[in-house]
Each structure stands twice: as C-alpha cells, then as structure tokens.
There are 2 protein chains.
Amino acid sequence: MKIAIDAMGGDYAPTEVIKGVELMRNENKNASFILFGDKDQITPLVQNMDNISIVHTTEEISMGEEPVKAIKTKKNSSLVKAAEAVKNGEADALFSAGNTGALLAASIFIIGRIKGITRPGLLTLMPSVSGPHDYWVFMDVGANAEPKAEHIYQYAILGNFYAKNVLHYTNPRVALLNIGTEEDKGDTTLKDAYALINENKDNDNINFIGNIESRDYLQGVSDVVVTGGLAGNFALKATEGTALTILRFMKQNIKNGSILVKLGALFLKPVFKLLANKLDYTKAGGAVIMGVKAPVVKAHGSSKALTIKNSLNQLISINDSKIIAQITDFSAENLL
Amino acid sequence: MKIAIDAMGGDYAPTEVIKGVELMRNENKNASFILFGDKDQITPLVQNMDNISIVHTTEEISMGEEPVKAIKTKKNSSLVKAAEAVKNGEADALFSAGNTGALLAASIFIIGRIKGITRPGLLTLMPSVSGPHDYWVFMDVGANAEPKAEHIYQYAILGNFYAKNVLHYTNPRVALLNIGTEEDKGDTTLKDAYALINENKDNDNINFIGNIESRDYLQGVSDVVVTGGLAGNFALKATEGTALTILRFMKQNIKNGSILVKLGALFLKPVFKLLANKLDYTKAGGAVIMGVKAPVVKAHGSSKALTIKNSLNQLISINDSKIIAQITDFSAENLL
C-alpha cells in the first residue's frame, strides 16, 4: 500500500514525521510513503529513500487556521496535495499530525464521504483499566459538534465495524454515552439515537448494551462508545486532563518531598510504570476519520517519531482490514 | 434560619442524614432543622432534639423514579412536604440527598423559579490543583440537557454571583467550557452563548475570559465555568471517573505488589493524602440548584454524615450571603 504523508503538519514537522515514517518503513516492507512538503527541508532529513518518495509543495496549513477556508485557498499545501493524491488513486491512505479540522475538511471535501454516511466522525481508542480488552473505541470525539440522532446511529455502525474488523473483537459491546443509564435519559438527540440503534441492532449486527456514563468508561464496561461530537470531546479531554493533572501533581510533590517520599516513589516505580502504560493510548495510534472513502489517521500535534510510527501502523491495519470496502457495501445496502 | 430536610432521601437515609444534621446543629446554634420523614424511623435515631423538629410523612421518592411524575403523584412524600414548607415560608432552605431530578422538579414546580431565570441549573464546586483558589464553580452539570444560549448566559450570571457572594472571590474569572479556546468554536448554542456573555459582560459585571477546554479546568485556569447540562455532566463524570479509576488502580497494584512496593506506598502516604485532599470536593458541599427562590442543596446519594454536614454548612453560607435576594433584584432589573 501507498500512504500519502502530510510531512509539514504537526508541532515537530517535518523532522519527527520523517523519523516516524522511516521507523515504520524499516518494519514493514509492503508499505511505501509519499512525503508531501518542502523538498529542501525534507530531503536532508531522510536517512534512506527506500520506499519513500517526495512531492514538493509550497504551502503549509498551520494549527490555528480556519479549516474549510484553509483547504479552499491553500491549493498547494502539503495537506491538500496529499489528500488529492488519495482521491486520484496515487495513494491508498492519508496521514497528518497537523490541523485536525483541516484534515477533516480535506477528507470530506477532497477524498469524499462514503455514500450513505451523512457525517463522518472522529474515532479514537481509549484505555480500559479492566475488562477483556486494553482499548475501546470512542466516537465521535469532535468532528461533528451539531449531531443529529441519525449521525450518532451511524457512529454506532462505524465503531462496531472498527472494533470487529480492525481490532478483531468478537461481538463487541456497543454503548451510547449518556447522562444516566436508564433508557429515557438525555436530550432529544440521544433519546432518538438510542431508539435508532435499538430498533436496527439485529439488522446491523450490533450488540447494543444501552447507555453508559463517562464515570465508568475507563473500567472496560463496553468496547464501543458513541455519542455526539461536542459532549464526546468534553468527556475525552476531561479524562486526559484529569489523568495528566494527577500524574503531574504527584510528580511535583515527590520532587518537593522528603528523602523518604523520594525513596517511596522509587519503590513504587513498577506501579507508576504499569499505570502510565495502561493510560498511554498513543501506542494504539491516533484519531481515525471514519466515513470517508479511504483510511485517514490524525496523530496528535505534539507527536514524536514513535507516536507517528504507531499511527502509521494503525493506518496499515485499517487498510489491511478492508473495512472501507465493507462499510461501503453495508452502506449501499442499508443506509441509502 | 430554618432548613427543611428530606430525611428519607439518600442511600443511607435516614440514619446518616440525621447524624449529619446533628453534627451541623452542634456547630451552629443559629440554624434549626425540620426533618421530613417517617416519625417512627426518625425519632429513635435523633440523639438530642435541640433545634430539631420532625414532620411525619408517609411516602418516599426513590432514586430511580421519574422525577416530575414522582413529585406530582407522591404528595405525602418527605421531599414534596419539605419543598412545600419552604414555599409556605415555614423553612428558608431545602436539603436532600435523594433523587436529583425529583429535587430539581420540586424546586422548580413547588418553590418556584426566580422571575427572569428561564431554566434553573445545577452548580457544583470542582477542585483546582493550582491557581488562586481551592475550588471553582461548574454549572450546569446536568439539570438542563437541552440548553439554549440564553440559559448558558444566565448560568454565567448565576455562577458569577455564587463565586462573588458565597465564596467571596474577588473579580472571579468566568469561562465558557468549549471544544477549543478560539472564539468561533462549538455548536450554535455555545457560539451564541459566547456572544451573549461577551456583549453583556460590562453590564453584568462579569470578568469573562472566553473559552476553556475540559483538559485544563482542574489547573485553576478559571473560577467559574459554564456550559450546557449534557456536555457539562459528561465532563464532570469523566473527571470523577478518571480520578477514581487511577486511585483504585494504584491501590489494587500496591495491594498485589512486592514488599518493596508496599513500603514505597507507605513512604508516599503524605503525597497520596495531599492528592486525595486536593481532589475531595465533598468538603465544599453538594450540588446547588441555582435560579429558584430559596437555597436548595443536593448531597450525593452515597453521602455519609460528614458530607451531609458539609452540604448543610454550604446551605447556611448560601443563606447568609443573601445571594437569592441579589439575584432576584438583578434579574428584575436586567433579565425581564
């Protein structure tokens, strides 16, 4: 497979992006990479050009830019050119660590939606502290701030496909993230989404377990959790922020603590390591734009080489799973 | 002041509710308490009847009941009778550890909204790990799942009043919880709420600092955070769940760890204590129903005596602050 890389996107681009690509290339000889970006900057950074090619571009889309305007006006940007390569069949998949909104816009307006999927969404993998699997699928985490019930229903279908085909989970438990666990909870959108998922679950092969709350989702109570993009984004960032705040608070207080406290931290290192390992979901990859005609993955803006490599690995798994073709077939039969 | 107590609400009612009331009574001789509930159960549990009276009721509203239906059909419940005592001027404030939705319904339909406040909201205090204060005000955390921009604008006014008058914060920083920090972020409701707060901030005496994300709110970046009830509830519960999950994970792994790990945990105890203390927001009280004609506080269903006492203390502070009269005056002049 061929992956189109937005080499200029991300806080450490192009250096760390290229390092990540080379790490992935060294591990998987079946993948090749097209780096879109400033040739003069990129060329000296590549150690070995095996399975790597460069397409020179003259513009960049920065983090703060208005997404739709950026992809419409910066026709020569690394992101737009990379997305066009996917659209034209010169590449199979798209990767960026840059502006999420711009990647989403490029995916929808250049690569295009799968027919029947009304609003593509952003899928991410979250850690489970207990339960049968290390990760669960969370969608939508911010692509669609004004979801209709139908969109959330489609996220349940897309998330279910991802859990089954990419993660190889058997009979994944699909839940709706809501304000309470009872069936009648939430706003009109979530109530209607509940009804849509529930009515169609047999036809859609969805193991729907009903509503769950964000208080419980790290406990591995479900394998796929769907909700609207605004509330999903609030929950995701609250989880990230709380974990970071706690770990940072402990670190700071250990640093300022007595000799005994420092010794205690040293003895407890195995537990801290286990915890950090459990919570580190960057190992599983980045955020996936689901519902468009090709695999697209977004790594966090602050990603370094190893995280970039993990996201590329995820992109290869998505491609190998043939999930896009399966969603396209399902959608043509069921969602038109 | 006189506080009407729903003595039958909560997982450990009436025992722990009564214990909490007595703890508060022993500390504050100016407050008196009317316990609404089953006299036969309550009487033997009260150690000392000073400043305590009992009103016998024959029904209870349980946790799972549909709120509006419950308060309409269970006219002899402890909650409905307690709310009616506040409405009739026999008590100044209302307390319950029972069904949140039913307390909200009783507050709105029995005690009544302050004129001009379209939709009362649920306010809670959240911990700050750094910043000038130990707590910040979060609203709405679940009363109003389908908020309009105007409601969120009013939450900014109510939250600002609370921070100034009850917590005595000087010039509190008021922020909108959103999907990103830029002004144009969010759905239509949040964009319109941003505009409303921003346009009226001088007249409303609000120190509006714009949007913040849930990733940052534990860092003490603002003193009042407002948003819609559904997304606010998701963020609140994600924060609670993540903190609990991390602490439980560490506890479990220390328990199953080597002697060294256990020794490490012992040495680190001061840091764990500091952390638990920082995160324990039950010290600050319960959730406040803001926008109704009397102070109403809801303690968590699982509250024991000390948490009940803290919530009653909060109720007394709210009453002493005269915030209800101030909101009523402000609302009459500005929000009609």
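This is a predicted model: local features need pLDDT of at least 70, side-chain atom pairs count only at pLDDT 80 or more; totals for chains, interfaces and linings use all residues.
**Entry 1**

I started with the strands. Chain A has an open sheet of eleven strands, and reading across I get S3-S2-S1-S4-S11-S10-S5-S6-S9-S7-S8, with mixed pairing. Which strands sit at the edges? They are S3 (52–56) and S8 (207–212) of chain A, and each of them pairs on one side only. Going from one strand to the next, the twist averages 25°.

I then picked one pair to look at. S5 (residues 121–127) and S10 (residues 287–290) of chain A are antiparallel partners, joined over three bridges. Within that pair, I found Leu122(A) opposite Ile289(A) of S10(A).

**Entry 1: two helices on that sheet**

Next I looked for helices lying on the strands. H4 (residues 78–87) of chain A packs on the sheet and touches S1 (2–6), S2 (32–37) and S4 (93–96) of chain A. The direction of H4(A) makes about 165° with that of S1(A). H5 (residues 100–111) of chain A lies across S4, S5, S10 and S11 (296–298) of chain A, at about 170° to S11(A).

How do H4(A) and H5(A) cross? Their axes come within 9 Å, at an angle of roughly 35°, and the crossing is right-handed. From H4(A), the contact uses Leu79(A), Val80(A), Ala83(A), Glu84(A), Val86(A) and Lys87(A). From H5(A), I noted Ala102(A), Leu103(A), Ala106(A), Ile110(A) and Ile111(A). Sorted by class, the contact of H4(A) with H5(A) has nine nonpolar residues, two charged ones and no polar ones.

**Entry 2: is H4(A) enclosed or open?**

I went back to H4(A) to see how much of it is covered. Seven of its ten residues are buried, so H4(A) is largely enclosed by the rest of the structure. The buried ones are Ser78(A), Leu79(A), Val80(A), Ala82(A), Ala83(A), Ala85(A) and Val86(A). What do they pack against? I found S1, S2, H3 (67–73), S4 and H5 of chain A. Just after H4(A) comes Gly89(A), with a positive phi of about 80°.

I listed some neighbours of Phe95(B), leaving out residues up to four places away in sequence; among them are Ile3(B), Ile5(B), Val17(B), Val297(B), Ile308(B), Leu312(B) and Leu315(B).

**Entry 3: a glycine in a loop**

Gly98(A) is in the loop between S4 and H5 of chain A. Is it buried or exposed? Gly98(A) has a relative accessible area of 3%, and because buried means under 20%, it counts as buried. Not counting residues up to four places away in sequence, Gly98(A) touches Gly9(A), Gly10(A), Met63(A) and Lys298(A). I also checked Ala299(A): it is 201 residues from Gly98(A) along the chain, yet their C-alpha atoms are separated by 7.8 Å.

A reminder to myself: most peptide bonds are trans, and most residues other than glycine have a negative phi. So I went looking for exceptions.

- The bond from Ala13(A) to Pro14(A) is cis, with omega near 0°; Pro14(A) is in the loop between S1 and H1 (15–27) of chain A.
- The bond from Met139(B) to Asp140(B) is cis too, with omega near 0°; Asp140(B) is in the loop between S6 (135–139) and H6 (149–166) of chain B.
- His168(A) has a positive phi, near 60°. This residue is in the loop between H6 (149–166) and S7 (173–177) of chain A, and it is exposed, at 63% relative accessible area.
- Asn171(A) has a positive phi near 50°, and it lies in the loop between H6 and S7 of chain A.

**Entry 4: over to chain B**

Last stop was the sheet in chain B, an open one of eleven strands with mixed pairing. S3 (52–56) and S8 (207–212) of chain B have a single partner strand each, so one side of each is left without a neighbour in the sheet. S1 (residues 2–6) and S2 (residues 32–37) of chain B run parallel and are joined by five bridges. Ile3(B) has Phe33(B) as its bridge partner in S2(B). Finally, H11 (residues 305–321) of chain B packs on the sheet, touching S1, S2, S4, S5, S10 and S11 of chain B, with its direction at about 160° to that of S4(B).

Methods: Residues are numbered from 1 along each chain as its sequence is written. Chains are lettered from A and ligands numbered from 1 in the order in which they are written. Side-chain values use heavy atoms; hydrogens and water are left out. Two strands pair if DSSP finds at least two bridges between them. Helices (H or I, at least four residues) and strands (E, at least two) are DSSP runs, numbered from the N terminus. Axes are lines fitted to C-alpha atoms, for helices over the stretch in contact, and angles run from 0 to 180 degrees between N-to-C directions. Contact means heavy atoms within 4.5 Å. A crossing is left-handed if the near helix is turned anticlockwise from the far one by less than a right angle, and right-handed if clockwise. Ala, Val, Leu, Ile, Met, Phe, Trp, Tyr, Cys and Pro count as nonpolar, Asp, Glu, Lys and Arg as charged, and the others, Gly among them, as polar. Buried means under 20% relative accessible area, exposed over 50%, partly exposed in between (1.4 Å probe, protein chains only).
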